[in-house]
Structure formats: structure tokens, C-alpha cells
Amino acid sequence: AGVVVGGVTSLGPALGVPAARAADLVNGEAIFDVHCVSCHAGGGNKIYPQQSLSKNALERNGKFSLTAIQRQVVEGQAPMPSFANLGEKNVEDVASFVYAEAEVNWKDKKLLGGKARRFSQFLDSLWSGP
């Protein structure tokens, strides 16, 4: 049984993960593909490979939470620029996408043609329940 938040049913609290809607992940992926993929393709980091977007690296750097990922996107950290100009909704969406992909070790993004849409549909099927 999910928890209804703003009209959206979520298993997030029951599973110990933040809530995210499929539309958020699809938009988050689109934002990621435009603004982030040049340095972070497949969850990697072309400049500092040890600071990838993998769950292990994010945990090691104290950034495996939506709040921490959003802060990183908004504030940046050299050499990463700030993306505060994306706006609050887009920042939330891209942070949700990064968090969700890190949770599955970027497997969805690595599959040819995988895209967040398929992962989002899977999450939707879990959240909609019987």
C-alpha cells in the first residue's frame, strides 16, 4: 500500500526511498541528457572518475539524498557549474532521476534504448498497486 502525496501514490516511505513520479523521471532524464550527460554519461564522471554518480560514490561523498543532489545541481562545485537557472521543478526532476538511477547502479541508462521511461513505467506499476 502506498502513501498518497499530492494526489500521487508512492511506496517511497514504505521502501525507505524518496517519492518520485514517472513524469518527473522522464523530465529528469531529458534535463540530464541536455545539461549533464557530457560529463556524467551513464552515471560516470569524465573529469574525476572516482566521483561518479554511482550509489557508492554518492554515499562516500555524503551526497546520496535528494536534498544533497539538488544542492549540488543548484550550487555546483568546481569544475561543475551551477544549474540554478533550471528552476526548482527541473532541479527536483533531475535530482530524482540521478537518485533513481544511482539506486539501480545506472543499469537502466546503460541498456541500449533503456531510457528512464522504462524504469519510470516499472516504478509506476509498483506505485499504482492493486
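**View 1. The largest pocket of this predicted model has a volume of about 560 Å³.** On a 1 Å grid over the protein atoms alone, a pocket is an open set of points with protein on both sides within 12 Å along at least five of seven lines, and its lining residues have an atom within 4 Å of a point. Volume here is the space filled by probe spheres set on the points. Among the 26 lining residues, His 40, Asn 45, Leu 53, Gln 72 and Met 80 are the closest to the pocket centre. Two or more residues each come from α2 (22-35), α3 (37-40), α5 and α6; helices are DSSP runs (H or I, at least four residues), numbered from the N terminus.

**View 2. Here helix α5 (residues 66-75) packs with helix α6 (residues 88-103).** Their angle is about 125° and their axes lie 9 Å apart, which makes α5 oblique to α6.

**View 3. Look for the cis peptide bond from Ala 78 to Pro 79.** Its omega is near 10°, and Pro 79 sits in the loop between α5 and α6.

**Notes.** Residues are numbered from 1 along each chain as its sequence is written. In this predicted model, local features need pLDDT of at least 70 and side-chain atom pairs count only at pLDDT 80 or more, while totals for chains, interfaces and linings use all residues, and side-chain values use heavy atoms, without hydrogens and water.

Note on methods. Axes fitted to C-alpha atoms, helices over the stretch in contact; angles between N-to-C directions. Parallel < 35°, antiparallel > 145°, perpendicular 65-115°, else oblique. 1 Å grid on protein atoms, 1.4 Å probe; cavity = no way out; pocket = protein on both sides within 12 Å on 5 of 7 lines; lining within 4 Å.
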